[in-house]
Amino acid sequence: MLITLTGNNSFLLKAELKKLVDLFVEEYSNLGLDRLDGEEVEYDQIRESLESLPFLASKKMVVLRVPSANKKFIEKFEQLLDALPVTTDLIIHEPKLDKRSSYYKYLKKNTEFSEFNELDNYGLSKWLNENVEISIQDAKYLLERVGPNQQLLSNEIDKLTTYNPKVTRESIDLLTEPNPRSTIFELLDSAFAGDTKRMMKLYDDQRANKVESQQIVAMLAWQLHILAIIKTAGEKTSAQIASEAKVNPFVIGKSRDIARKITLIKLKKLINDLSELDLKSKTSTIDVDEAIQNYLLKI
């Protein structure tokens, strides 16, 4: 059995890897399990592990992490994998693969190929509702507060369900910290909606949580960058935009409402104004907090 696990969703990828390894160990024991890191071991060690027969077990499993980091492996991978003994199960763990390469094409064609990508808004909400006792509204609130990283969400869920199996907005507020980028999104959303009071409160919350003014500028720039990607994407879907821009689909989906509220000309001006603010903050003596607040008020 030859399996490839790839994709940028580290949470789902690791979960699948653990499931496969646990099933193997349960049937054959860990005597037949061999883990190798392509960034650390020599090619000969990889070759020896793949070619050798199992010892004290009827079958062996080799978990090979990023073998593509080993230049000699990439030169010889085809003959090495074609000659894999029937007594060896191999899992190739490659989070990032170049889809133009012959290596990717070989794995896609000749292995049990599974790609685990980041989930979009719908996928994350569905995953939360299937695994946690939480309302649809509170699931959305948790996603907006913590962000779309599934591993981080899983950690927060463990904490929340330990406190109370039923997750509520009150327990979310009590036990989780807002993701800075999520709050910057809310900051811009409030600015575009003309909700000055909420906007200023969110800004004050950022500063009270020791988020530096320069970090706020950087996060505003990142959010404007996302808006620019969306505004120039034409009729492409959120999934297509996320894939091409290598951005989490959740981020694209969440930002589309803001993108609808602004023209491309206005967006260009906002980017230029923020660039000037950033330059002045680094080359002259200005009150950066006041400058950022004035910038937000002009929106």
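Biologist: Is glutamine 150 buried or exposed?

Modeller: This is a predicted model, in which local features need pLDDT of at least 70 and side-chain atom pairs count only at pLDDT 80 or more, while totals for chains, interfaces and linings use all residues. Residues are numbered from 1 along each chain as its sequence is written, and side-chain values use heavy atoms, with hydrogens and water left out. Glutamine 150 has a relative accessible area of 2%, and because buried means under 20%, exposed over 50% and partly exposed in between (1.4 Å probe, protein chains only), glutamine 150 counts as buried.

Biologist: Which residue has a side chain joined to that of glutamine 150 by a polar contact?

Modeller: Glutamine 150 lies in helix α7, residues 150-163, where a helix is a DSSP run of H or I with at least four residues, numbered from the N terminus. Leaving aside neighbours within four places in sequence, its contacts (heavy atoms within 4.5 Å) include Phe11, Leu119 and Trp127. A polar contact is a pair of N or O atoms within 3.5 Å, one able to donate a hydrogen and the other to accept it, and residues adjacent in sequence count only if both atoms are side-chain atoms. At 2.7 Å, the side chain of glutamine 150 has such a contact with that of asparagine 9.

Biologist: How far apart in space are lysine 159 and threonine 176, C-alpha to C-alpha?

Modeller: Lysine 159 also belongs to helix α7, and its relative accessibility of 38% makes it partly exposed. In sequence, lysine 159 and threonine 176 are 17 residues apart, whereas in space their C-alpha atoms are separated by 8.8 Å.

Terms used
Helix = DSSP H or I, 4+ residues; strand = E, 2+ residues; numbered from the N terminus.
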